[in-house]
Amino acid sequence: MIDLNRIQMFAQVVEQGSFTRAANALGLTKATVSRKVAELEADAGVQLLHRTTRALKLTEAGADYFHRVNRILTDLKNAEDQLSARQQTIKGHLKIVCPIEMGQLYFGRIFAQFLALYPDITIEAELTNRQVDVIAEGIDLLFQITAETDDRLQTYALINTPKILMASPDYLDRFGEPTTPEQLRQHQCIRISSPHIDGNWMLFNGKEWVTIEPESRLETNNITLMREAAIEGLGIAAIPLVIAHNALEEGELVTVLNDFPMKQSLVTMSMPQRVYLPRRYRVFIEFLYQALFNNWQDKVLDVPDFIERPEFDSN
C-alpha cells in the first residue's frame, strides 16, 4: 500500500531544503522524518537524496520522483480545497519581502485592501534592498527588481519597467539639457550604489548600447532618496518609471535624452517551490494580479496557471 505520509515528508524535505525545516513545518521530529524518507528509499530500492553535512541534493531518480509526486499531491490538495472551500475560512500568515521603494509606493494600499477582504490572514512585510535567502529565512513571497533567478524558487516575471533619465526643470534651466549620451559626462548626476545593481548607465543610440559612468556628487542605495534629490535640482538621475511616475505627472521632474532608451528593469515575484500552493498564497496572488491587470493591462508578463488573463482592448 502506498504511504502518502512518507511521500509528503519527502516532498517537504525537498521544499524546505533540510530535514530540520521539514520536521518543523510538519510538526514532527527530525528523526521521524529522516526515518520515513529512508524507508521510502528502501522500499523503492533507489537513493532519492544525496545527504551531506552542509546540504541536501536530489539524485536524478529523486528529481524525477519529486516531479511526479508533486503533481499528484497538488491534485489531491486542490481536490480537498474545492471539496471544503465553502466551509473553510482562509487564514494563515504571509511573510513578504519587497524593495523599499516598491513597498512604500504600492504595497501599503494593496496589503490594506487585501486584509480587509481576508480578516483571518496576517502579513509580515519587510521592506529592504538587501539580498535575502527565501528558504533559509522562511519567506513566503519575495518581490525584486532583478532578472536573476534561483533554481530553488518558483519565479514569475511581473512587469518590465523602463528606467529613464530625468532631472528637475530648475536643474536644466541652470545647466542646460544634454543632447547626446556623451554629454552626460559634463553634468552633475545622482548614482545608485548597491552591490547588486550596476551604477553605470546603458543607453541605446540606435546602433549599439553606450555605457556611461556618471560623475556623481551623491551616491545612494535608495531610489526614493535619489528621486527626491533630483526633484530638488541636484542633478540627472536614472529612475524606474514606477518610482518616478507621480513626479513626472506633476512636472517636478522631466525626462531627458528621450531618443536614447535605457535598459528596462524587471519586477519579479518568487516563492519556494511547493508541493501545493496554500490557499492564503493563492488568494493573495490572485488579488495582486488583479491590481497588476488594472494598472498594466497587457504589459503583465508571466501569469500563474490558476489565474485567467483578461482580454484587453487593443484600440
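Helices here are DSSP runs of H or I with at least four residues, strands are runs of E with at least two, and both are numbered from the N terminus.

Before going on, the provenance. This is a predicted model, where local features need pLDDT of at least 70 and side-chain atom pairs count only at pLDDT 80 or more, while totals for chains, interfaces and linings use all residues. Residues are numbered from 1 along each chain as its sequence is written, and side-chain values use heavy atoms, with hydrogens and water left out.

Now the overall picture. The protein has nine helices and 14 strands. Its C-alpha atoms fill a box of roughly 80 × 45 × 35 Å, taken along the principal axes. Of its 315 residues, 41% count as buried; buried means under 20% relative accessible area, exposed means over 50%, and partly exposed is in between, with a 1.4 Å probe and protein chains only. Contact means heavy atoms within 4.5 Å. Among contacts between residues at least 6 apart in sequence, 70% join residues at least 24 apart.

Back to H8. Which of its residues are buried? They are Val242, Ile243, Ala244 and Ala247. The cover over these residues includes helix H5 (100-117), S6, S7, H7, S12 and H9.

Five strands form an open sheet in the order S11-S8-S12-S7-S13, and the pairing is mixed. Two strands pair if DSSP finds at least two bridges between them. Strand S11 (216-220) and strand S13 (254-255) are at the edges with a single partner strand each, so one side of each has no neighbour in the sheet. S7 and S13 run antiparallel and are joined by two bridges. Met166 stands opposite Thr255 in S13.

Two helices pack on this sheet. Helix H7 (residues 223-231) touches strand S8 (189-192), S11 and strand S12 (236-240), and its direction makes about 135° with that of S12. Helix H8 (residues 241-249) touches S7, S12 and S13, at about 115° to the direction of S12. For these angles, axes are lines fitted to C-alpha atoms, for helices over the stretch in contact, and the angles run from 0 to 180 degrees between N-to-C directions.

Ser168 sits in the loop between strand S7 (163-167) and helix H6 (169-175). Is Ser168 buried or exposed? It is buried, with a relative accessible area of 2%. Leaving aside residues up to four places away in sequence, Ser168 touches Ala230, Ile231, Gly233, Glu252 and Leu253.

The other sheet is also open. It has five strands in the order S4-S3-S5-S14-S6, with mixed pairing. Its edge strands, strand S4 (121-127) and strand S6 (153-161), each pair on one side only. The twist averages 20° from one strand to the next. Strand S3 (residues 92-98) runs parallel to S4, and seven bridges join them. Within that pair, Val97 has Glu126 of S4 as its bridge partner.

On to the core. A nonpolar core is a set of buried Ala, Val, Leu, Ile, Met, Phe, Trp, Tyr and Cys residues joined through side-chain atoms within 4.5 Å. The largest one has 48 residues, of which Leu141, Phe143, Ile239, Met269, Phe284 and Tyr289 touch the most other members. Helix H9 (residues 279-296) gives the most to this core, with 10 residues. Phe143 has contacts that include Val97, Met269 and Phe284, not counting residues up to four places away in sequence.

Two backbone entries for anyone checking torsions. Most residues other than glycine have a negative phi. Leu257, not a glycine, has a positive phi of about 50°. Leu257 is in the loop between S13 and strand S14 (265-272), and at 6% relative accessibility it counts as buried. Gln297 also has a positive phi of about 50° without being a glycine. Gln297 lies in the segment after H9 and is partly exposed, with a relative accessible area of 37%.

Last, a helix pair. The axes of helix H2 (residues 19-26) and helix H3 (residues 30-44) come within 8 Å and cross at roughly 110°. The contact is made by Phe19, Thr20, Ala23 and Leu26 of H2 with Lys30, Val33, Ser34 and Val37 of H3.
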